[in-house]
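Welcome! Please take a look at the sequence and the 3D structure below before you pick up your pencil.

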Amino acid sequence: MTSPASPRRHLGLLGATGIGVGAIVGGGFLALAGIGFRATGPSAILAFALNGGIALLTAFSFAELAVRFPRSGGTYAYARRVLTVEAAFAVGWVVWFASAVAAVLYAMGFAVFLVPFLEEMLRLAGAEPPSWLGERLALVGYALCAVAFYVWRLTRLAVGGRQWETMGKVVVLVVLILAGFFALATEAPAPGELAERFRPFFTEGFTGLLQAMGYTFIALQGFDLIAAVGGEVRDAERNVPRAMFLSLGTALAIFLPLLFLIVAVGVPGGTVTEAAAENPEILVAAAARNFIGSAGYWLVVAAGLLSMLSALQVNLIAASRFAQAMATDRTLPQRYARLTSATGTPTAAVRLTAVVAAFLLVAVPNVAAAGAASSLVFLGSFALTHTIAYLARRRAGRPPGFRTPLFPAIPIAGGSACTLIGLYQAVAVPSAGVLAALWLSAGAVLYALYLGPRARAVDASSEALDPQIIKLRGRRPVVLAPVANPASAPTMVAMAKALAPPDVGRVQLLSVVESPEGPRGEELSAGIRDAQAVLGGALRTALDVDLRPEALITLHKDPWSEISRVAEATRCEKLLLGVGELDDYLMKGPLARVIGAVNADVVILRAPPGWNPDRARSILVPSRGGRDQSPVRARLLGSLVRHAPRDVAFLGVVSGTVGGGVRRRALRDLERLAWDEAGEQAHAELAVSDDVVAQVARRAEDADLLILGFHRRGRRRAIFSSLMLDIARATTCPLVMISHRRSAPVRTSPSLLASRPAARR
């Protein structure tokens, strides 16, 4: 199995800025400016300015994260490094949805601006426009056509930031501003009349201002989409932050003067507030009539069409990149990570996003509702971005290049503002809150039932391959290694080092002295001296391999119970246990009790004295395939692969009675599993045999290490299957048996590692 292709870095500073300008300038402003005026009157100018300040604070956090993590995926990619895989999925699910809802807003805005254009074209052709032209069903149809067109375009053409729509709408809006100031200067209002046009400034008080901010925040969204395609930007550490601030500054330089002119010059037939209440979606176009007559109206309609289309394209691009980044980490199905070789576009992710957008187009009633929903979701995602930026700085220090000034004041202020306005928006516009809650619920169910196992395995492998992820997540994992036999101490130390992430992991060596009952001082002293000797030898070995472990000697009448107690006290992530013979008493008695009692990944090692995991260049992993993902196995393999090149073989055994189709599916499942847990150094092998134990034993003769898994069902119950034990006893190569702390029965393909015939049971 091959890895998904990496995106090409084909965007420079202007191209990246074009992505942001295309998303911010025009589309949301033209669709939502009137809705802002309807909610709060002339103070909509202040609402946009305050939103601009919040967006500026957010841009600082985005810029620092973009420098620290210069790759595609935006907020999701940052969450993937700093938060748990479950939290990262929730963030990705939210930001993907946010861009999809924004695409819906712009598709609906395009439909609204298309109606007067079509009506005028019909009149010029001598026909009377039909009444249904502007009805909801027709608007949905126009919007769906726009989405379908851009899906076709994005899946066949390489994308960039220099779209002709972006250039065209910026020129139109600049011309409109110049014309507005010219009209204000040539027809200067009488003293006091200009101020009167701004009264009452707050038509609905402070609550109206907050509601306007909630409705219109989406109009300043778009600078963040530059981070979503950061993996396609040349010199991303330098160009992504600059492009963010340039695009946001361009938007504010256009929006605020234009909002001022709409109030100062006025609109035909009444006040701005009255006109906004009647037809908010085309308020800017109506105001343009006062600037330069009918030509201004049609200029804005044309700019609106261009704006909506370019913003629609940019949000579809960004949403597809979120989906692609999630699929790469298996928090979405892997097929959405594949890029088209000709264009570098994640075609399947674009189509999936379009399906979500099409569904929302039918579900969302109007432009105002779409704006409210998208603003709410983006406010939530931006609050998360501030949180991630704060955690990343605290845990990993200052990044090279751009740094947020006045840290931590900016992320705290920006995150608090986004959270407060988002909460108000969820209460003030319940439909937006309900839509967001339904989407989050659907994601939680999908992750729990389908996506979780693969995502956790890939995440564990990523942590092992890049221990800096563990540091960014604020963890200091402990590997607890009880040592009792001096001969096995070097092997246990070497294995503990392989399991402990460098720089962030800790190794705790433990020796338990069995305290005798009654006054037996000499026997106790001898036990302590033996323990000191064992740990002394282990520490000398640790120094030789550049490991600095901690050592602990304890007294207890039951060493197995003491191991459980120390494991809980140290909150170890991994418990490494060394065994010799795999007899039934040990495996189903004290060892099973210890494993069932601890909340940690368990690694059981059987290896000859002096064995070192560095020698394990050929690793055999018998597997059931299917849903047989194991985070602890992925973490172990990642640790081994990080230290040296390995040949990791995932072996499946199928009965000779199964058909060719079952075998092909079994091999495909194994290949996917091998890639998820060990990447390029793994491959899949499928053997046909009715004797699983003999087949694995023959294959293990050529292996340097055999890895088997077992699971636990609740506390105090370890499950060692008879098949696993028979395989372990039939092999002589070094053996590792593993179990995840939250193991549960997994659904697996019945064709792999099939049960043995009844005669062998």
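Predicted model: local features only at pLDDT ≥ 70, side-chain atom pairs only at ≥ 80, totals over all residues.

Residues are numbered from 1 along each chain as its sequence is written, and side-chain values use heavy atoms, leaving out hydrogens and water.

**Exercise 1.** Find how arginine 68 and glutamate 64 meet, and decide whether each is buried or exposed.

*Solution.* Step 1: recall that side chains of opposite charge can pair when their charged atoms come close. Step 2: the two side chains form a salt bridge at 3.8 Å, N to O (a side-chain nitrogen of Lys or Arg within 4 Å of a carboxyl oxygen of Asp or Glu). Step 3: arginine 68 and glutamate 64 are four residues apart in helix H3, so about one helical turn separates them (helices are DSSP runs, H or I, of at least four residues; strands, E, of at least two; both are numbered from the N terminus). Step 4: arginine 68 is buried at 16% relative accessibility, and glutamate 64 is buried at 2% (buried is under 20% relative accessible area, exposed over 50%, partly exposed in between, with a 1.4 Å probe and protein chains only).

**Exercise 2.** Work out which parts the salt bridge between glutamate 685 and arginine 699 ties together.

*Solution.* Step 1: the closest N and O atoms of glutamate 685 and arginine 699 are 2.9 Å apart. Step 2: glutamate 685 sits in strand S8 (residues 682–688) and arginine 699 in helix H27 (residues 692–700), so the pair ties together parts 14 residues apart in sequence. Step 3: glutamate 685 is partly exposed at 22%, whereas arginine 699 is buried at 17%.
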